[in-house]
Amino acid sequence: MGLVHTVGFVLHPQRNCAAALDTLTNWARQREVTVLGLHEEIDRLDCSAVGVARAELVERAALLVSLGGDGTMLRAMRLIEGRKTPVLGVNVGRLGFLAEVDVDDLSAALSAIDEHRYTVEPRTAVTSDLPDGTRVTAFNDIALVRVPGHGLAAVGITVEGHRFVQYAADAVIVSTPTGSTAYSYSVGGPIVSPTVEGLLVGAAAAHASFIRSLLLSLDDQLTLDVLATSGRLAVEVDGTVRGFVEAGDALPVSAVRAAAQVVRLGVTTFYERARRKLRVYGSAEVE
């Protein structure tokens, strides 16, 4: 008997995922596998999947398939956070870091998973409680970002109860290894294997002599203190504004080990994807 009895999926909100969804449902039909999708996503498509609420999708799916790009994959990981359900990323559109296969390879990938011919890669998440009590979780990053017209982001980085550095910047970013190729990379942070256990803290356009990223242990206690000179800041969670903080607010940030399980089939490596996506080239002098 195969591993997969019920498969759920999430869709990119705009890209045409019809071909990928047809491949998924055809594969499932041949094996008498149930396919579940969210009501709000199925309603815009003509497909044979069963529409369910988020809670039921999370509870019933033995495999979650993300059809889209990196943003869709991050949403799928947040949806399934804390569970052992493997997540398969299928690239629909531009090359991403998180997708494992293209649409043309989806059927073979599903069969490999069904036959237990795959591994999972645990991914770290980062979480925080906003001043209004809202808990937020990110698999790329949580960033405190200046709001235009409200002044710089003046933020103190407190580690293990001691102030390490204070930034006046456009943004202060706490990134997971998965997010090292996202916002953190744009501010000069290192490319980090997603299997590394650590968090990166960096600043965008910092008005300071110290502009290096800080690599913390997952067990380090980290707090982002919004200083008295700071403007109003947006709290971005994986690129989406989830709230705001003001001078005097303190944001505790902590890591969650193995918060999601990403399917790997050995087709490619993180370093191959990073090299292609970021167009990494060597020095011209050695060519």
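Here is a short chat about how some strands, cavities and one valine in this predicted model get their labels.

User: Before we start, what kind of model is this, and how are residues numbered?
Analyst: It's a predicted model, where local features need pLDDT of at least 70 and side-chain atom pairs count only at pLDDT 80 or more, while totals for chains, interfaces and linings use all residues. Residues are numbered from 1 along each chain as its sequence is written, and side-chain values use heavy atoms, with hydrogens and water left out.

User: Why is valine 147 called buried?
Analyst: Buried means under 20% relative accessible area, with exposed over 50% and partly exposed in between (1.4 Å probe, protein chains only). Valine 147 comes in at 15%, so it counts as buried.

User: Where is valine 147 found, and what does it touch?
Analyst: Valine 147 is in the loop between β9 (141–146) and β10 (153–159). Strands here are DSSP runs of E, at least two residues, numbered from the N terminus. Leaving out residues up to four places away in sequence, valine 147 touches Arg232, Leu233, Ala234 and Phe244; contact means heavy atoms within 4.5 Å.

User: What makes β13 and β14 a pair?
Analyst: Two strands pair if DSSP finds at least two bridges between them. Strand β13 (residues 199–204) and β14 have three bridges, in the antiparallel sense, so they pass the definition. For one of the bridges, look at valine 201, whose partner in β14 is leucine 214.

User: Which sheet do they belong to, and why are β14 and β17 its edges?
Analyst: The sheet is open and has six strands in the order β14-β13-β12-β9-β16-β17, with antiparallel pairing. β14 (214–216) and β17 (240–245) each have a single partner strand, so one side of each is left without a neighbour in the sheet. From one strand to the next, the twist averages 20°, taking axes as lines fitted to C-alpha atoms and angles from 0 to 180 degrees between N-to-C directions.

User: What makes β15 largely enclosed?
Analyst: Four of the five residues of strand β15 (residues 222–226) are buried, so the rest of the structure largely encloses it. β15 is joined to β10 by five antiparallel bridges, and to strand β18 (residues 250–264) by four, also antiparallel. Leucine 224 stands opposite isoleucine 157 and opposite leucine 251 in β18.

User: How do you know that β7 pairs with β18?
Analyst: Nine bridges join strand β7 (residues 119–129) to β18, running antiparallel, and arginine 123 has alanine 260 as its bridge partner in β18. β7 also forms a hairpin with β8, with five residues between them; glycine 133 in the turn has a positive phi of about 95°.

User: What counts as a cavity, and how many are there of 30 Å³ or more?
Analyst: On a 1 Å grid over the protein atoms alone, a cavity is a set of points where a 1.4 Å probe fits but cannot get out; lining residues have an atom within 4 Å of a point. The whole structure has two of 30 Å³ or more.

User: What classes of residue line the two cavities?
Analyst: Five nonpolar, two polar and three charged residues line the largest cavity, including Phe97, Arg123 and Thr178. Ala, Val, Leu, Ile, Met, Phe, Trp, Tyr, Cys and Pro count as nonpolar, Asp, Glu, Lys and Arg as charged, and the others, Gly among them, as polar.

Terms used. On a 1 Å grid over the protein atoms alone, a cavity is a set of points where a 1.4 Å probe fits but cannot get out, and a pocket is an open set with protein on both sides within 12 Å along at least five of seven lines; lining residues have an atom within 4 Å of a point. Grid points are joined across faces, edges and corners, and a volume is the space filled by probe spheres set on the points.
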